[in-house]
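These are my notebook entries on a single chain. I set out to record its surface, its strand pairing, its cores and its charged pairs.

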Amino acid sequence: RAVYAFSSPGSSGAFFVGGALALGGYRFEDSGTYQVAMARAVAGYAYSIDDQWTVEVSPWVGLGYGRMHIPGGGVGDDHDVRGKVFDFGANVGVTYSLSHSWLIGARVGWQVVDANLEGDGLTLALTQSGPTAFLGVVYRFGGTPPSIR
């Protein structure tokens, strides 16, 4: 994920916009697989509580490509379907600054995914929804030093 914040000197909060790439790989019984690649537009608002803690709210919308291999399980032919995947959701997150560039981040949210896949004479519509979570290390490129308040 990469974002750009529209902040001003001395301000504790800012709106931001950006993009994200998401890759997913899933396996299910009898060697079934489902792979998804998504490009997402992200927007939101972040507020710096102090020099180390920041909270944010960030909705997103995405479009991508998915493909699924459905094994026949010994009773039928294997099938491969592929097509467009659309998703949207929102996160609430927090980051803690270890230094000016290195942060630890955590986000939780809700996501809805709609996939329309076709191939081998099949049409498959998948709709998924549920909670999402992220916990990881974040690197902040460049930028100016924290604002003087």
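Entry 1, Trp 53 and the surface. I looked up Trp 53 and found it in strand S4. The model is a predicted one. With a relative accessibility of 38%, Trp 53 counts as partly exposed. I then asked which residues make the nonpolar surface patch of about 930 Å². Trp 53 is one of them, together with Tyr 4, Phe 6, Phe 15, Val 17, Tyr 45, Tyr 47, Ile 49 and Val 55. I noted that S1, S2, S3 and S4 each give at least two residues to this patch.

Entry 2, strand pairing. I followed S1 and found it paired with strand S2 (residues 13-28) in the antiparallel sense, over five bridges. Val 3 has Gly 18 in S2 as its bridge partner. Six residues lie between the strands of this hairpin, and Gly 10 there has a positive phi near 85 degrees. I next took S2 with S3, which are also antiparallel, over 16 bridges. Ala 20 has Arg 40 in S3 as its bridge partner. The S2 and S3 hairpin has three residues between its strands, and Asp 30 in the turn shows a positive phi of about 55 degrees.

How many salt bridges does the structure hold? I recorded two. In one, Glu 56 pairs with Arg 1, with the closest N and O atoms 2.9 Å apart. I checked burial for both partners. Glu 56 has 12% relative accessibility and therefore counts as buried, whereas Arg 1, at 44%, counts as partly exposed.

The other salt bridge joins the side chains of Asp 87 and Arg 40, at 2.6 Å from N to O. Here too the pair links distant parts of the chain: Asp 87 is in strand S5 (residues 79-97) and Arg 40 in strand S3 (residues 32-48), 47 residues apart. I noted that Asp 87 counts as buried because its relative accessibility is 1%, under the 20% cut-off.

Which residues make up the largest nonpolar core? I listed 10 in all: Ala 22, Tyr 34, Val 36, Met 38, Met 68, Val 81, Val 85, Val 113, Ala 115 and Leu 117. S3, S5 and strand S6 (102-119) are the elements that give two or more residues to this core. I took Met 68 as an example and looked up its contacts, leaving aside neighbours within four places in sequence. Met 68 is in contact with residues including Phe 28, Tyr 34, Val 81, Leu 117, Leu 124 and Leu 126. I also found a second, separate core of five residues, among them Phe 16, Ala 20, Ala 46 and Trp 60.

I located Gly 72 in the loop between S4 and S5. Not counting residues up to four places away in sequence, Gly 72 touches Asp 77 and Asp 78. I also recorded a separation of 9.7 Å between the C-alpha atoms of Gly 72 and Ser 31, which are 41 residues apart along the chain.

Notes: Residues are numbered from 1 along each chain as its sequence is written. This is a predicted model: local features need pLDDT of at least 70, side-chain atom pairs count only at pLDDT 80 or more; totals for chains, interfaces and linings use all residues. Side-chain values use heavy atoms; hydrogens and water are left out. A salt bridge is a side-chain nitrogen of Lys or Arg within 4 Å of a carboxyl oxygen of Asp or Glu. Buried means under 20% relative accessible area, exposed over 50%, partly exposed in between (1.4 Å probe, protein chains only). Helices (H or I, at least four residues) and strands (E, at least two) are DSSP runs, numbered from the N terminus. Two strands pair if DSSP finds at least two bridges between them. A nonpolar core is a set of buried Ala, Val, Leu, Ile, Met, Phe, Trp, Tyr and Cys residues joined through side-chain atoms within 4.5 Å. Contact means heavy atoms within 4.5 Å. Patches are made of residues with over 30% relative accessible area and no salt bridge: like charges are joined within 9 Å, nonpolar side chains (Val, Leu, Ile, Met, Phe, Trp, Tyr) within 5 Å. Accessible areas come from the Shrake-Rupley method with a 1.4 Å probe; for residues, only the protein chains shown count as cover.
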